[in-house]
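Q: I would like to learn how to read pockets, helices and contacts in a protein model. Please show me one and take me through it step by step.

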Amino acid sequence: MAKRKAVPHRRTRPGRSSAAVKAVAAWRYIESSALVAAVMEGDTAAKASIRGPGQRITSALTIAETSRAVLRAHLSGRVTAQQHRAALLTLQRFARRCYIVSVTETILNRAARPFPVEPIRTLDAIHLATAEALGEAPALVIIITRDIRVRESSTALGFSVE
């Protein structure tokens with residue numbers, strides 16, 4: 001799947017409240033747990049959060065983690081061959097419609113340092129470091145997750161969470 005670079009840094013126009021900017025220009029960082037819930041479990045709340053207003057952005061890690069979840073479900077017999085194909089097509093469509101951020105050395109270095117809420121798992125730390133690496137004020141980034149650790153750390157970093 002082709003990787004897309006994140007959009008250049010956006011600046012707010014003078015006189016616009018952060019709530020107005022958030023409603024119009026927020027980035028929706030899709031974390032793996034939310035995408036897996038939407039693709040594999042049909043979680044309607046996760047689907048609605050992912051489809052909400054704003055630019056969708058995710059880590060290459062999210063695509064890999066979700067692909068692995070789809071493969072595990074297929075190999076364990078939890079999904080049929082038809083459901084497996086449908087999940088892969090959904091994931092491909094998502095990837096085409098989303099900015100995908102590579103896992104860089106900078107992101108890995110940040111993930112290695114402490115976060116406000118510890119302990120946090122390595123892959124979760126990579127997601128949080130990716131969201132921070134976007135260079136946007138936390139008020140302009142909404143973290144879409146189903147993971148409690150990511151939710152708590154995101155909130156402590158100042159991000160909105162759905």
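A: Gladly! Let's begin with the second largest pocket, whose lining divides into 3 nonpolar, 2 polar and 6 charged residues. Ala, Val, Leu, Ile, Met, Phe, Trp, Tyr, Cys and Pro count as nonpolar, Asp, Glu, Lys and Arg as charged, and the others, Gly among them, as polar. Keep in mind that this is a predicted model, where local features need pLDDT of at least 70 and side-chain atom pairs count only at pLDDT 80 or more, while totals for chains, interfaces and linings use all residues. Residues are numbered from 1 along each chain as its sequence is written, and side-chain values use heavy atoms, with hydrogens and water left out.

Q: How much space lies in the second largest pocket, and which residues line it?

A: The general idea is that rolling a probe the size of a water molecule over the atoms shows where empty space is left. A pocket is an open set of points on a 1 Å grid over the protein atoms alone, with protein on both sides within 12 Å along at least five of seven lines, and its lining residues have an atom within 4 Å of a point. In this case, the space comes to about 200 Å³, where a volume is the space filled by probe spheres set on the points. Among the lining residues are Ser-32, Ser-33, Val-36, Glu-65, Arg-72 and Asp-147. Helix 2, helix 4 and helix 7 (122–133) each give two or more residues to this lining.

Q: What about the largest pocket: what is its volume, and which residues lie nearest its centre?

A: Its volume is about 300 Å³. Of the 13 lining residues, Lys-47, Ile-50, Arg-51, Thr-90 and Phe-94 lie nearest the centre. By type, the lining has 7 nonpolar, 1 polar and 5 charged residues. Helix 5 gives the largest share, 5 residues.

Q: How many helices and strands does the chain have?

A: Helices (H or I, at least four residues) and strands (E, at least two) are DSSP runs, numbered from the N terminus. This chain has 8 helices and 5 strands, and from the N terminus on they run α-β-α-α-β-α-α-β-α-α-β-α-β.

Q: Which residues of helix 5 are buried, and how are they arranged around its axis?

A: An α-helix has 3.6 residues a turn, so residues three or four places apart point the same way. Buried means under 20% relative accessible area, exposed over 50%, and partly exposed in between (1.4 Å probe, protein chains only). In helix 5, His-84, Ala-87, Leu-91, Phe-94 and Ala-95 are buried. Viewed along the axis, they fall within an arc of 95 degrees, so they line one face of the helix. The face turned away from them carries the exposed residues Gln-82 and Arg-96. Helix 5 spans residues 81–96.

Q: How many residues of helix 2 are buried?

A: Helix 2 is largely enclosed by the rest of the structure, because 7 of its 10 residues are buried. Among them are Ser-32, Leu-35 and Val-36. Their cover includes strand 1, helix 3, helix 4, helix 5, helix 7 and strand 4. Just after helix 2, Gly-42 takes a positive phi of about 65 degrees.

Q: Which residues is Thr-66 in contact with, leaving aside its neighbours within four places in sequence?

A: Contact means heavy atoms within 4.5 Å. Thr-66 is found in helix 4 and is buried, with a relative accessible area of 0%. Beyond its neighbours within four places in sequence, Thr-66 is in contact with Ser-32, Leu-35, Val-36 and Leu-91.

Methods:
Expected span 1.5 Å × (residues − 1). Arc of directions from axis to C-beta. 1 Å grid on protein atoms, 1.4 Å probe; cavity = no way out; pocket = protein on both sides within 12 Å on 5 of 7 lines; lining within 4 Å.
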